[in-house]
Amino acid sequence: MPFDFDTMLDRVGRDATAVDALGKLEGFAPDPPAAGVEPIPMWIADMNFPTAPSVIQAITERAQHPAFGYFRPKQAYYDAISWWWETRHGTPGIAKEHIGYHNGVLGGLASVLYAFTEPNERVLVHSPTYIGFTNTARLCKRTLESSPLVRDSAGVWRMDFDDMERRIVEHGIRVAIFCSPHNPCGRAWERGEIERAAELFAAHNVLVIADEIWADFALRDAPFIPYHTISEAARVGSITLSAPSKTFNLAGLQGSYSFTFEEQLRTRLAQQSVSSHYNDINVLSMHALLGAYTTEGAAWVDELQKVLVRNVDALCDFVDAADGLEAYRPEATYMVFIDCTQWCATQGVAIGDLEKRLWDAGVAIQDGRMFGGPCHLRANVALPYAKVQEAIERMERIFA
Ligand SMILES: Cc1ncc(COP(=O)(O)O)c(C=O)c1O
């Protein structure tokens, strides 16, 4: 079935932060473009594509039944999650009892932090760091302890295991966030890397929050290896957070979940997340997941991935050819993290001024500094290819 990844959706006034918040969220959102210039949204991590037809069909069918009273998630909901992870990621055996519901992956993260850490306690994370982790930790009054990722001689972002261990020991770290695949660096971690991290965490009794919201975005032949499959220690020493929201463009519907295989961890997390009474699934969100996690949804994701590979390549080819710009070609996610250090130094332009030039030209790209990139931009390429091309043409003029 052909899917439409070519039409640019007009999202203005349609409940879309990507376009409606330009210039409104100081320090987070890009500024709106100069008068008369059309913005190209390339920042917050949702997509300028319609969701999969099977999702629309499932929501519409449910909406036609005109009652939305109290409900409990159906067994089919748990079965769909289990089926998706088994067929897409090779992880059999995820059962209803392992699955918890969370209002957003960040909601799940907050529940884990409240349940398993004390106020002001340090939580290990890698930097660059997804801004949502930074904000959630701050709001929960926890402190992030950042272990920098380092580029190896081939430019690949790698974990620094010695640095991680040093920080774990020095600060008595009990909880770590492991973002896999990694936003914003675009790594789909290799098995050996995850194994080493898992050994380290197990050796120091560190509970791992595996944020796998980007699981469905390992591109080309890159692996996505779920953390809990790495070893028995990883399985019983982790809580995995994920959702169909990133994959199917459903962030506005909420609806995330966790897997916890160890019973005591699961009970403690459930006590925290359920006791708030805010953490209940929405009926349309459940039906969205039921439409997404199907063979039709899977076929849509397969097509989407091809579109994203082409878009990532187009932007990275431009960056590679531009003097003074540099980016790791991500093997996962739809984000390109562009290092502008050399360009800014040569041109004598501050990163903030460069961003302003791009925003004025309607390239609504994100300030990379909030992710820990001192002179970086984060570009979302989940747009029709023609729009990515248009953005590149505008960038060519600015970086000329
Ligand atoms: C790594 C990561 N985790 C969590 C989220 C946000 O998840 P949610 O909207 O479900 O809270 C994002 C969104 O970009 C993300 O990149």
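1. Start with a proline. Pro128 sits in the loop between β3 (122-127) and α5 (131-139). A cis peptide bond joins Ser127 to Pro128, with omega at about 0°. Keep in mind throughout that this is a predicted model.

2. Pro181 belongs to the loop between β7 (175-179) and α7. As background, most peptide bonds are trans.

3. Next, backbone angles. Most residues other than glycine have a negative phi. Asp15 has a positive phi, near 60°, and is not a glycine. Asp15 is found in the segment before α1. With a relative accessibility of 78%, Asp15 counts as exposed.

4. Asn120 is another case. The phi of Asn120 is positive, about 70°, although Asn120 is not a glycine. The residue lies in the loop between α4 (105-116) and β3. Its relative accessibility is 58%, so Asn120 counts as exposed.

5. Now the charged pairs. Side chains of opposite charge can pair when their charged atoms come close. How many salt bridges does the structure hold? There are 28 salt bridges.

6. Take Asp46 and Arg11. They form a salt bridge, and the closest N and O atoms are 3.0 Å apart. Asp46 is in the loop between β1 (40-42) and α2 (53-63), while Arg11 is in the segment before α1 (17-20), so this pair ties together parts that are 35 residues apart in sequence. Are these two residues buried or exposed? Both Asp46 and Arg11 are buried.

7. Glu232 and Arg235 make a local pair. Their side chains meet in a salt bridge, at 4.0 Å from N to O. Both belong to helix α8 (residues 232-236). They are three residues apart there, so about one helical turn separates Glu232 from Arg235. Glu232 counts as exposed at 54% relative accessibility. Arg235 is partly exposed, with a relative accessible area of 28%.

8. Glu355 and Arg369 also form a salt bridge, with the closest N and O atoms 3.6 Å apart. Why does this pair tie together parts that are 14 residues apart in sequence? Because Glu355 lies in helix α14 (residues 351-360) and Arg369 in the loop between β13 (363-367) and β14 (376-380). Glu355 is buried, with a relative accessible area of 1%. Arg369, at 40% relative accessibility, counts as partly exposed.

9. Some salt bridges share partners. Through them, Arg122, Glu145, Asp163, Arg166, Arg167 and Glu170 are joined into one network.

10. Last, a helix pair. Two packed helices are described by the angle between their axes and the distance between the axes. Helix α6 (residues 161-171) packs with helix α7 (residues 191-203) at an angle of about 20°, and the axes are 11 Å apart. With an angle under 35 degrees counting as roughly parallel, α6 and α7 are therefore roughly parallel to each other. The crossing of α6 past α7 is right-handed.

11. Which residues make the contact? From α6 come Phe161, Met164, Glu165 and Ile168. From α7 come Glu193, Arg196, Ala197, Leu200 and Phe201. In the contact of α6 with α7, six residues are nonpolar, three are charged and none is polar.

Key
Residues are numbered from 1 along each chain as its sequence is written. This is a predicted model: local features need pLDDT of at least 70, side-chain atom pairs count only at pLDDT 80 or more; totals for chains, interfaces and linings use all residues. Side-chain values use heavy atoms; hydrogens and water are left out. Helices (H or I, at least four residues) and strands (E, at least two) are DSSP runs, numbered from the N terminus. Buried means under 20% relative accessible area, exposed over 50%, partly exposed in between (1.4 Å probe, protein chains only). Axes are lines fitted to C-alpha atoms, for helices over the stretch in contact, and angles run from 0 to 180 degrees between N-to-C directions. Angles under 35 degrees count as roughly parallel, over 145 as roughly antiparallel, 65 to 115 as roughly perpendicular and the rest as oblique. A crossing is left-handed if the near helix is turned anticlockwise from the far one by less than a right angle, and right-handed if clockwise. Contact means heavy atoms within 4.5 Å. Ala, Val, Leu, Ile, Met, Phe, Trp, Tyr, Cys and Pro count as nonpolar, Asp, Glu, Lys and Arg as charged, and the others, Gly among them, as polar.
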